[in-house]
Amino acid sequence: MIGGLASGLRSRFPILDQAHVIRTMAHRVQELLVLVVLAIFPKAIFGKLNCSSKAGDAPVAVAEGSNGYCLSWRLAVEANNIRAWRTVPPQCQRHVESYMTGGQYDRDLNLIADQVMAYADGIAVSDDGMDAWVLDIDDTCISNMFYYKGKRYGCDPFDATGFKAWAVQGECPAISTVLQLFQKLVEDGFKVILLTGRDQETLGLATFNNLLNQGFLGYERMIMRTPAYKGQSAIIFKSDIRRQLVEEGYRIWGNIGDQWSDLQGQFVGNRTFKIPNPMYFVP
């Protein structure tokens, strides 16, 4: 009898020890899951963003150089979900530099150009000379990337005086993909109208020569900002110019620009195409 009792106790204690171990392991697993969730969702640690944060400001909890955040920021900029931003977030300087110089920007341009040509090829160009495309100039036809490299790819605030000094030199290189697209549109019989917010009085000649030297030949006209539009937003200025073009009889089949303000407002055209630009915002 005593032997049977001892045998029973020996058979039960291991079971009790095993149950304790299992409960302990389950508790440890729960703790690990909590740590994983907090690591994935840092807002659970740092709280929600302050409601007073400005558009485009980076969360305080985002680690400097966080490529994940900067990729999301750039996508939001291109989708026009972040507006009126003044500078690139400092921790995104390397991300923007890598995007602009590492090949992805060029690949994006090529894809956009393919879409433009697929659309343009389906248009029966009339012989009345009124089938038009409107193209922006800065960072659509010619690039200011060399200038913005010195401004930390948009991390520094916009400097109107510094930019004018750069633009008056007339050394902006052509964006080769857009140059080829421009040439194809001209060859196909479209009237290409270049519409820019650059000041005509101070930058007219420099811009004309810059475009000429970079191979932009055969466009219908170049329209720049005159004193009559001084102080007006790009949307208002460009909308009014496009209105005048339509009243002249032009059919605006397409509109290409690197800023949303190039493509918004009135008389924007049958289709618009956005060129990527994460370096600055023009309202």
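**View 1. Phenylalanine 273 and the residues around it.** In this predicted model, phenylalanine 273 is in contact with Ile112, Gln115, Val116, Tyr119, Trp133, Asn255, Ile256, Gly257 and Leu263, leaving aside neighbours within four places in sequence. Phenylalanine 273 sits in strand E5, residues 271–274. Its relative accessible area is 6%, so phenylalanine 273 is buried, the limit being under 20%. Tryptophan 260 is 13 residues away along the chain, and its C-alpha atom lies 9.6 Å from that of phenylalanine 273.

View 2. Lysine 274 and glutamate 78 meet through their side chains in a salt bridge, at 2.7 Å from N to O. The pair links distant parts of the chain: lysine 274 belongs to strand E5, glutamate 78 belongs to helix H3, and 196 residues separate them. Lysine 274 has 18% relative accessibility and counts as buried. Glutamate 78 has 17% and counts as buried too.

**View 3. The salt bridge of aspartate 138 and arginine 198.** The closest N and O atoms of aspartate 138 and arginine 198 are 2.7 Å apart, in a salt bridge. Aspartate 138 is in the loop between strand E1 (131–135) and H6, and arginine 198 is in strand E2 (residues 191–199), so the pair ties together parts that are 60 residues apart in sequence. Both aspartate 138 and arginine 198 are buried.

View 4. Arginine 243 and glutamate 247 join their side chains in a salt bridge of 2.9 Å, N to O. These two residues are 4 apart in helix H10, so about one helical turn separates them. Arginine 243 is partly exposed, at 27% relative accessibility. Glutamate 247 is exposed, at 57%. A search of the whole structure gives 13 salt bridges.

**View 5. Serine 239 in helix H10.** Serine 239 belongs to helix H10, which covers residues 234–247. With 8% relative accessibility, serine 239 counts as buried. Beyond residues up to four places away in sequence, serine 239 touches Ala234, Gln264, Gly265, Gln266 and Phe267.

**View 6. Helices H5 and H8 packed together.** Two packed helices are described by the angle between their axes and the distance between the axes. Here, helix H5 (residues 104–120) and helix H8 (residues 176–187) pack at about 10°, and their axes are 10 Å apart. Angles under 35 degrees count as roughly parallel, so H5 and H8 are roughly parallel to each other. From H5, Leu109, Asn110, Ala113, Val116, Met117 and Ala120 meet Thr177, Leu181, Lys184 and Leu185 of H8. Lys184 is also part of a salt-bridge network with Asp121 and Asp188.

View 7. Most residues other than glycine have a negative phi. Alanine 84 has a positive phi, near 55°. Tyrosine 153 also has a positive phi, of about 55°. Alanine 84 lies in the loop between helix H3 (67–78) and helix H4 (93–101). Tyrosine 153 lies in the loop between helix H6 (145–149) and helix H7 (160–167). Alanine 84 is exposed, at 52% relative accessibility, whereas tyrosine 153 is buried, at 5%.

**View 8. A nonpolar patch on the surface.** Leu205, Phe208, Leu212 and Leu217 form this patch, and together they have about 400 Å² of accessible area. Leucine 205 is in helix H9, residues 200–213. Its relative accessible area is 62%, so leucine 205 is exposed.

Note on methods:
Residues numbered from 1 in each chain as written. Predicted model: local features only at pLDDT ≥ 70, side-chain atom pairs only at ≥ 80, totals over all residues. Heavy atoms only, no water. Buried < 20%, exposed > 50% of the residue type's maximum accessible area, 1.4 Å probe, protein only. Contact = heavy atoms within 4.5 Å. Patch = residues over 30% accessible without salt bridge, like charges linked within 9 Å, V, L, I, M, F, W, Y side chains within 5 Å. Areas by Shrake-Rupley, 256 points an atom, 1.4 Å probe, with all protein chains shown as cover. Salt bridge = Lys/Arg side-chain N within 4 Å of Asp/Glu carboxyl O. Axes fitted to C-alpha atoms, helices over the stretch in contact; angles between N-to-C directions. Parallel < 35°, antiparallel > 145°, perpendicular 65-115°, else oblique.
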